[in-house]
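Here is a short tour for you to follow alongside the model. Keep the viewer open and look up each residue as it comes along.

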Amino acid sequence: MYSNPNNAALSNSNVVTFSIVIPTYNESENILGLISEIEKKLPTSHFTEIIIVDDNSPDGTGKLVENYIKEEKAKNEKENSSNVRNYMVKIVHRTAKNGLIPAILDGVKKSSGTYVLIMDADFSHPPEVIPKMMREVALNPNSIIIGSRFIEGGKVVGWPQRRKILSMGASSLARLGLNVKRVKDPMSGFFALPRELIQNISIDTKGYKILLEILVKNKETPIKEIPYTFTDRQSGKSKMNYNVIVNYGEAIWQLYRHGQKSGQVKINEQVNKKSVLFISKVGRYYTVGISGLIINYVVSFLLANDVANSIRLLSNVWYLEASIIGVAISSTSNFFFNKYWTFEDKRFDVGSTARQFGSFIAISGIGLIIQISLLYYMVENFVPYRISLIVAIAIATTINFILNKKFTFKEKVWA
């Protein structure tokens, strides 16, 4: 690890120290410009260390930072300046690309600040917001300060619509499924918190969203969200790919299991029984979905022109009209099968059944949008169509199940 330390600044015990941790992989086009912008924006009242954690980037990102540190050190020695800087830059070299969360944790281990601020290296997180986040966490020393895209004043610039839908869908799933509803942007990668808070918990998930795990495991910690404008990267290559989506799904499941274990008040056998019952309902929901596909196919096939005419069922039914009828019948059958079998709701009075049916159809529409968006995104990013279709159906169906469980049939999500 290389650094340009400034002992004079460090010796002032009255100054709050911040550590900005920036994980990098192939960010040679961005990193020096980002460091320069951060240095300009740092408040003079605090000493800050900027820690770059590089995953052995093939484009030489780590070497660039290392050379920058050496050049700055040589320049200071040559000038023999008495000016005391309020920051230092460190580089942490990792030997392989092992994921964003491990890189962040390595940076935190190497940090010395009272508070840690996490951000990306691609300019999607604006350096001008850093002073405000520092001020807020210093004023609220036991809180988590989150840069938020989804509160009033925050926004996303440069993303295609499908990416926005994916992000909002993932955030909604986390907020509802993991009971972090008090946070509008739990998937943010731009946040500040006391260093001891992150050091005192065990981080178990893989992937890119460490804040989500911190929130799940620190539900009593005060939260404050600060709006900012997220701007899509202008240089370098996005890290979003198929593995990110899979890791997110795994993280959601792990954190759900953590929530079960930490909140249990009954003996383990009872908890296991609840898990089995939950999985059983998921299985029933998938089974009903498969039956709906079969019903949809059979109805559409029988009503299509050639077949319908040959067996004298209906005439002049266009194949798209037949498909629409098939969707309507299969959706209706799915609703009643799920009501009676999956969720074991035996009430069939007209009022409540009509309300539930309307909710079920609306949620099915949301699931369809999620499925099409995921399918399009993955295929456009070179994931094989068959794999994309399976993943998109599985995620959309699971989201449908959770939403119907909570909103249509009024059950606790994880009960």
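## A right-handed β-α-β unit

Strand S2 (residues 17-24), helix H2 (residues 31-41) and strand S3 together build a right-handed β-α-β unit. Right-handed here means that, with the strands pointing away from the viewer, the path from the first strand over the helix to the second runs clockwise. Helices (H or I, at least four residues) and strands (E, at least two) are DSSP runs, numbered from the N terminus.

A word on the ground rules: this is a predicted model, in which local features need pLDDT of at least 70 and side-chain atom pairs count only at pLDDT 80 or more, while totals for chains, interfaces and linings use all residues. Residues are numbered from 1 along each chain as its sequence is written, and side-chain values use heavy atoms, with hydrogens and water left out.

## Strand S3 and its neighbours

S3 has a parallel partner in S2, and eight bridges connect the two; strands count as paired if DSSP finds at least two bridges between them. Within this pairing, Ile 52 of S3 stands opposite Ile 22. S3 also runs parallel to strand S4 (residues 87-93), to which seven bridges join it.

How many of the eight residues of S3 are buried? Eight of the eight residues in S3 (residues 47-54) are, so the strand is largely enclosed by the rest of the structure. Buried means under 20% relative accessible area, exposed over 50%, and partly exposed in between (1.4 Å probe, protein chains only). In a regular strand, side chains alternate between the two faces of the sheet. In S3 both faces are covered, with Phe 47, Glu 49, Ile 51 and Val 53 buried on one side and Thr 48, Ile 50, Ile 52 and Asp 54 buried on the other. S4 is also largely enclosed by the rest of the structure, because six of its seven residues are buried.

Now move along to helix H8 (residues 210-217), where Lys 217 is located. With a relative accessibility of 19%, Lys 217 counts as buried. Its side chain meets that of Glu 213 in a salt bridge (2.6 Å, N to O), meaning a side-chain nitrogen of Lys or Arg within 4 Å of a carboxyl oxygen of Asp or Glu. Glu 213 and Lys 217 sit four residues apart in H8, about one turn of the helix, and both are buried.

Lys 217 also forms a salt bridge with Asp 204, where the closest N and O atoms are 2.9 Å apart. This pair links distant parts of the chain, 13 residues apart: Asp 204 is in the loop between helix H7 (195-199) and H8, and Lys 217 is in H8 itself. Asp 204 is partly exposed, at 44% relative accessibility.

## Other salt bridges

Across the whole structure, a search finds 19 salt bridges. One further pair to look at is Glu 411 with Lys 405, whose side chains meet at 3.2 Å, N to O; both of these residues are buried. A network of salt bridges links Glu 27, Asp 122 and Arg 233.

## Two positive phi angles

Which phi does Phe 123 have, although it is not a glycine? Phe 123 has a positive phi of about 70 degrees. You will find Phe 123 in the loop between strand S5 (115-118) and helix H5 (130-139), partly exposed at 32% relative accessibility.

Lys 410 is not a glycine but has a positive phi of about 55 degrees. Lys 410 belongs to the segment after helix H14 (385-408) and is exposed, with a relative accessible area of 58%.

## A nonpolar patch on the surface

To finish, turn to the surface, where Ile 290, Ile 294, Tyr 297, Val 298, Phe 301 and Leu 302 form a nonpolar patch with about 600 Å² of accessible area together. Patches consist of residues with over 30% relative accessible area and no salt bridge; like charges are joined within 9 Å, and nonpolar side chains (Val, Leu, Ile, Met, Phe, Trp, Tyr) within 5 Å. Accessible areas come from the Shrake-Rupley method with a 1.4 Å probe, and for residues only the protein chains shown count as cover. Leu 302 lies in helix H10 (residues 268-303) and is partly exposed, at a relative accessible area of 34%.
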